[in-house]
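Welcome! Please look over the structure below, and then we will walk through some of its parts together.

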Amino acid sequence: MDIEVRWDWIRSHTDDIQRNTIEHLQLVGVSLAIAIALAIPLAVLVYRSRVAFGTTTAITGALYTVPSLAMFAFLLSIFDIGFGPAVAALVLYSLLILIRNAVVGLRSVPTPVRDAARGMGLTRLQTLLRVELPLAVPSIMAGIRITAVSTVGIATIAVFIGAGGLGELIYNDGVQRGLFLTPILAGAVIATAMAIIIDLLLVLAERLMTPWLRAARR
Amino acid sequence: MGAEHPTATRAARVELQGLGMRYQRDAAPAVEDLTLDVPAGEVCVLIGPSGCGKTTALKMINRLIEPTGGRVLIDGVDVRTRPVALLRRETGYVIQQVGLLPHLTIASNVATVPRLVGWDRRRIEMRTRELLTLVGLDPDEYADRYPAQLSGGQQQRVGLARALAADPPLMLMDEPFSAVDPITRHRLQLDFLRLHRAVPKTVIMVSHDIDEAVRMADRIAVMREGRLVQYAAPAELLARPADDFVSNLLGADRALKGLALIRLEETALRPVPAVRAGEPAGSVRERLARGDLEPVDGAFLVLGADGRPLGWWSEERLGGADAVPSPPPGGAEPLLDGITTLRDTLSALFGTGVDHGVVVDGEGRARGLVSAADIALHARGEGPMASRSAG
């Protein structure tokens with residue numbers, strides 16, 4: 001194995017690296033957006049019921065434990081190769097943590113706050129939209145951060161169903177060419193940097209959405 | 001209190017008619033056949049031991065709990081005929097743990113119900129500032145803070161402002177002052193009474209503190225095991241408890257508690273044996289002879305030229321004097337203002353160790369005398385003070 005980083009390879013492949021990075025971002029972004037759009041309404045549907053929440057956790061938990069390679073292979077056997085099945089797999093992996101965190105957040109509203117809201121004449125929907133969801137933001141955001149970071153990692157496997165992304169650098173350009181280290185390192189470094197940057201952006205977003213938490217600590 | 005209220009502000013009459021609540025079919029009812037009539041603008045305190053059903057009764061008024069029997073009328077309208085959200089928006093609700101919305105500023109918290117009922121922004125902002133000022137919080141300083149930045153007492157003030165925001169004719173309060181320290185609690189209670197005089201709402205308050213009930217209530221409803229035991233004005237309750245349960249609840253010092261309900265300004269006082277500093281001895285003797293001056297315990301009260309009491313002067317000294325001397329001020333303690341309660345008066349008399357306290361008006365002029373003996377007689381409905389009974 002060649003330990004030296006071949007900068008000349010990187011220089012001659014900047015277009016590919018850029019394309020793979022954008023594909024990767026698209027995979028992560030689209031799957032995260034779909035996962036959030038599914039998870040929060042689902043959490044809202046089930047958070048009042050122990051049975052419904054238990055069932056949801058059991059199903060999404062089972063999905064979460066499927067080895068990712070097996071998941072991609074399975075999806076490949078039903079659908080065709082490409083972007084769609086990869087996103088589907090990433091969404092399925094995200095649901096457990098997103099739903100569980102959202103439910104924990106929705107349930108964490110203190111009883112006096114809930115009682116006061118009811119006593120003031122907020123309807124159930126108003127209580128959900130104006131009280132429970134805003135107060136669940138820290139917990140929901142914590143779930144999104146974990147999911148985002150792990151999705152950046154898992155998305156590298158999407159290369160096996162032809163969805164592109166940084167997995168192409170790592171597997172096609174690196175592993176399959178006799179463990180050519182340079183593209184493997186490039187893919188890994190970019191994925192790590194992407195995870196860190198996304199996490200920082202999410203922290204910033206959470207801070208902007210929860211001004212009351214910082215005020216309380218002052 | 002009720003009669004003094006201006007009629008312009010809205011206050012609702014509340015009637016509970018045979019109200020009952022049974023949580024489980026075979027369990028004892030939490031509330032049974034509860035009938036109460038709370039006149040508009042009065043403060044009614046529901047009191048009793050834990051589990052007596054007082055909170056359940058309160059929550060049936062704004063339908064947080066639906067009764068299994070009887071009905072609640074607000075200004076003659078059965079609450080069950082009204083949409084529950086509208087009923088609650090028109091009923092102020094204050095709870096022990098306050099329950100401010102932690103993610104909203106103080107101003108937004110106060111504005112909750114006005115926003116729900118669709119007031120415009122300008123009106124909401126004006127109302128919010130007005131209410132924060134009313135409950136003793138400077139809007140410039142507090143409006144943009146978050147609940148976690150306020151002390152428990154301040155949070156409860158915000159809770160009160162929030163409940164008052166949409167000007168509800170009825171306020172329901174569930175142990176509103178019991179989660180704060182005793183000093184803050186006392187101040188909140190007095191501030192609430194002041195507020196209630198300014199903005200007279202009908203208030204139904206749950207309490208387990210009999211001193212609070214006596215201090216705040218126009219009427220007290222004593223409950224036990226879901227039933228109403230006695231419903232009366234504090235003075236009536238203290239004077240004639242319906243049974244041993246009520247007198248135990250009132251405590252061994254219930255006679256003293258009764259004295260806390262009466263203020264000196266509401267009683268008739270012993271006349272002051274007043275002599276002027278510098279008044280010729282002859283003039284004093286003349287008035288004595290005419291019978292329009294009568295020493296108290298063999299002494300006169302010397303007043304300055306402005307009518308303020310200076311000190312006591314023994315009648316025995318009259319023989320050897322040309323004129324009434326001018327003692328240095330401070331010899332007539334305790335000086336009591338008209339709003340002092342009889343209970344505090346006793347405390348002041350015992351504290352200074354004198355027989356007579358001097359009751360003064362707003363300008364500090366002597367208006368009358370009061371003694372521990374007078375108060376004792378008053379407690380039995382006798383003596384000079386009883387001629388103008390308090391209410």
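## Two helices in chain A

In H2(A), the residues Ile17(A), Asn20(A), Thr21(A) and His24(A) meet Leu166(A), Glu168(A) and Leu169(A) of H8(A). Being in contact means that the C-beta atoms of two residues, placed from the backbone, lie within 7 Å. Helices (H or I, at least four residues) and strands (E, at least two) are DSSP runs, numbered from the N terminus. The residues of this contact divide into 3 nonpolar, 3 polar and 1 charged. Here Ala, Val, Leu, Ile, Met, Phe, Trp, Tyr, Cys and Pro count as nonpolar, Asp, Glu, Lys and Arg as charged, and the others, Gly among them, as polar.

How do the axes of H2(A) and H8(A) cross? They come within 6 Å and cross at roughly 125°, and the two helices are therefore oblique to each other. Angles under 35 degrees count as roughly parallel, over 145 as roughly antiparallel, 65 to 115 as roughly perpendicular, and the rest as oblique. Axes are lines fitted to C-alpha atoms, for helices over the stretch in contact, and angles run from 0 to 180 degrees between N-to-C directions.

## About the model

This is a predicted model, in which local features need pLDDT of at least 70 and side-chain atom pairs count only at pLDDT 80 or more, while totals for chains, interfaces and linings use all residues. Residues are numbered from 1 along each chain as its sequence is written, and chains are lettered from A and ligands numbered from 1 in the order in which they are written.

## Where the chains meet

Chain B has 21 residues in contact with 17 residues of chain A. On the side of chain B that touches chain A, helix H2 (84-89), strand E6 (91-95) and helix H4 (112-116) of chain B each supply at least two residues. The largest share, 4 residues, comes from H2(B). By class, this side of chain B has 12 nonpolar, 6 polar and 3 charged residues.

## The six-stranded sheet of chain B

In chain B, 6 strands form an open sheet with mixed pairing, in the order E6-E7-E8-E3-E9-E10. Two strands pair if DSSP finds at least two bridges between them. E6 and strand E10 (227-232) of chain B are the edge strands, each pairing on one side only. Strands E3 (residues 43-47) and E9 (residues 219-224) of chain B run parallel and are joined by 4 bridges; Val45(B) has Ile220(B) in E9(B) as its bridge partner.

Helix H1 (residues 54-61) of chain B packs on this sheet, and its direction makes about 150° with that of E8(B). Helix H7 (residues 152-164) of chain B also packs on the sheet, touching E6 and E7 of chain B.

Strand E1 (residues 14-21) of chain B pairs with E4(B) over 5 bridges.

## Backbone details

Asp75(B) is not a glycine, but its phi is positive, near 50°. Is Val98(B) buried or exposed? Val98(B) is buried, with 24 other C-beta atoms within 10 Å; buried means 20 or more such atoms, exposed 12 or fewer, and partly exposed in between, with C-beta atoms placed from the backbone. A cis peptide bond joins Glu333(B) and Pro334(B), with omega about 0°.
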